Amino acid sequence: MSLLNLKLPWARLGAEGLVIVLGVLVALAVDRWVNDWDDRALEISYIEQLVENLVADSARLAQSVTQAETRRAFAVQLLSSRSEPHQHEPLPFLRRFEQIAWWAPLEYSREVWDELLTTGRLSLIRDPAIRRSLSQYYNRSEFLGLLEADWDEQLEQYELRARSVLPPLVRLQVDVRLPDDAGPIPVGPEYVDGDLQAFASERPLAVDHGQLAPIYRAQSSLYSGLVEDAQAVLMLLRGAS
């Protein structure tokens, strides 16, 4: 039979070809759907972890705001005690003197954020507003970390100077670490008054206290701003989960 006279079942071949094409398209669609589902599951997992990190950060930041305000007040009180050292109760005074430099830089929870950046998975967070807010929050926390390093050095220097110029007062503060309900300080008033007078005569420490108050004021303001940033990001994340 001549090939020219061969009749091909074009309709059947066309139908079979269409089935093959549709099968490939369906397979691609299913594969894309599975990938999208996996990406969405990863996105939800990352969002949940980010929420946990930001909640923890917010709690630490809020506590740091309170502590910064307390220490700023301590610095102001210590400055005023130079002019009227006898007007202050010894035990509270010693506690203020001791606690004013009790500070350490915050540890921010940024493990999930760093993983998103290093693995290139930040695009899994589909909402661009969330990505921008996260970037803004963690960039600000990183900048604040640089400031904290400088504050930490200044406070450490203050503590070293205090211990070098006021050994009796430092020794006394170690001896009287008592609970709030411990009652009167178990040391003679003349001994305490002498140490308060020694403190009042130290010009370098007065300069330090004048510098510490602005540090703690800045801490309070910057930490408060970062709390607001964290809360804004949390609102977006919770809406996307």
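Predicted model: local features only at pLDDT ≥ 70, side-chain atom pairs only at ≥ 80, totals over all residues.
The largest nonpolar core takes in 40 residues. Among its members, Leu54, Ile100, Leu134, Tyr137, Tyr223 and Leu237 are the ones that touch the most others. Leu237 is a handy place to start looking around. Once its neighbours within four places in sequence are set aside, Leu237 still has contacts with Ile47, Leu50, Val51 and Leu54, along with Ile130 and Leu134.

Next come the aromatic rings. Searching the whole structure turns up two aromatic pairs. One of them joins Trp113 and Tyr138, with the ring centres 5.2 Å apart and 10 degrees between the planes, a stacked arrangement. This pair ties together distant parts of the chain, as Trp113 sits in helix α3 and Tyr138 in helix α4, 25 residues apart. Trp113 and Tyr138 are both buried.

Tyr138 also pairs with Tyr137: the centres of these rings lie 4.9 Å apart and the planes stand at 80 degrees, so this pair counts as edge-to-face. Tyr137 has a relative accessible area of 1%, so this residue is buried. For Tyr138 the relative accessibility is 0%, and that residue is buried too. Put together, Trp113, Tyr137 and Tyr138 make up one aromatic cluster.

Key:
Residues numbered from 1 in each chain as written. Heavy atoms only, no water. Core = buried A, V, L, I, M, F, W, Y, C linked by side-chain atoms within 4.5 Å. Buried < 20%, exposed > 50% of the residue type's maximum accessible area, 1.4 Å probe, protein only. Contact = heavy atoms within 4.5 Å. Phe/Tyr/Trp six-rings, centres within 6.5 Å; stacked < 30°, edge-to-face > 60°. Helix = DSSP H or I, 4+ residues; strand = E, 2+ residues; numbered from the N terminus.
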